[in-house]
Amino acid sequence: VQLVESGGGLVQAGGSLRLSCAASGSTFPIHAMAWYRQRPGRQREELVAATTSSAASIYVADSVMGRFTISRDNAENTVYLQMNSLKPEDTDVYYCNADLNDSGLPGEYWGQGTQVTVSS
């Protein structure tokens, strides 16, 4: 399974960005996908997660509650992260992750990461 993220960049505080993660190479439906972020020297943080069969998120971190939303296009095997009301502390490298076989998150597959920088 290959995961390719896009949509990162530089935005001012209070602005919005939408990240995309396109999955390819799997012959089976992906069970769940999630977004994480991490910077050097800091622990990886799980942000939001959703299964491909449910309309509701299965996890939203307190740090992004009410600001970040995960959505998906199952037909395109693509998951999105809509980020609103961005803060400078949201500056990080963002990764998407896929759990193929309901083995639990984080799953085995990771994207390459996309940089998000929020200026004050």
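Trainee: In β5, which residue is the bridge partner of Ala-32?

Mentor: The partner of Ala-32 in β5 is Thr-51, and please keep in mind throughout that this is a predicted model.

Trainee: And which residue does Ala-32 pair with in β9?

Mentor: On that side the bridge partner of Ala-32 is Asp-99. The two strands β4 and β9 run antiparallel and are joined by seven bridges, while β4 and β5, also antiparallel, are joined by six.

Trainee: Is β4 mostly buried or exposed, then?

Mentor: Strand β4 is largely enclosed by the rest of the structure, because six of its seven residues are buried.

Trainee: What about the turn between β4 and β5, which residue has a positive phi there?

Mentor: That is Gly-41, with a phi near 85 degrees, in a hairpin that has six residues between the strands.

Trainee: Which residues other than glycine have a positive phi?

Mentor: Asn-77 is one of them, with a phi of about 50 degrees, and this residue lies in the loop between β7 and β8. Ser-85 also has a positive phi, near 50 degrees, and is found in the loop between β8 and β9.

Trainee: Changing topic, where is the cis peptide bond?

Mentor: The cis bond runs from Leu-105 to Pro-106, with omega near -5 degrees, and Pro-106 is found in the loop between β9 and β10, the latter strand covering residues 109-110.

Trainee: How many disulfides does the count come to?

Mentor: The count comes to one disulfide, and it joins Cys-21 to Cys-96 with an S to S distance of 1.9 Å. The pair links distant parts of the chain, since Cys-21 sits in strand β3 and Cys-96 in strand β9, 75 residues apart.

Trainee: What is the handedness of that link?

Mentor: The link of Cys-21 and Cys-96 is right-handed, with 50 degrees about the S-S bond.

Trainee: Are the two cysteines buried or exposed?

Mentor: Cys-21 is buried, with a relative accessible area of 0%, and Cys-96 also counts as buried, at 0% relative accessibility.

Trainee: Now the core: how many residues are in the largest nonpolar one?

Mentor: The largest nonpolar core has 26 residues, and those with the most contacts inside it are Met-33, Trp-35, Phe-68, Leu-81, Met-83 and Tyr-94. Two or more core residues come from each of β3, β4, β5, β7, β8, β9 and β11, with β3 giving the largest share, four residues.

Trainee: Last one: which strand has the lowest mean pLDDT?

Mentor: Among the elements of the protein chain the lowest mean is 89, for strand β6 at residues 57-60, whereas strand β2 at residues 9-12 has the highest, 98. The protein chain as a whole averages a pLDDT of 92, and 98% of the residues score at least 70.

Note on methods. Residues numbered from 1 in each chain as written. Predicted model: local features only at pLDDT ≥ 70, side-chain atom pairs only at ≥ 80, totals over all residues. Heavy atoms only, no water. Core = buried A, V, L, I, M, F, W, Y, C linked by side-chain atoms within 4.5 Å. Buried < 20%, exposed > 50% of the residue type's maximum accessible area, 1.4 Å probe, protein only. Disulfide = S-S within 2.5 Å. pLDDT = per-residue confidence, 0-100. Pairing = 2+ DSSP bridges.
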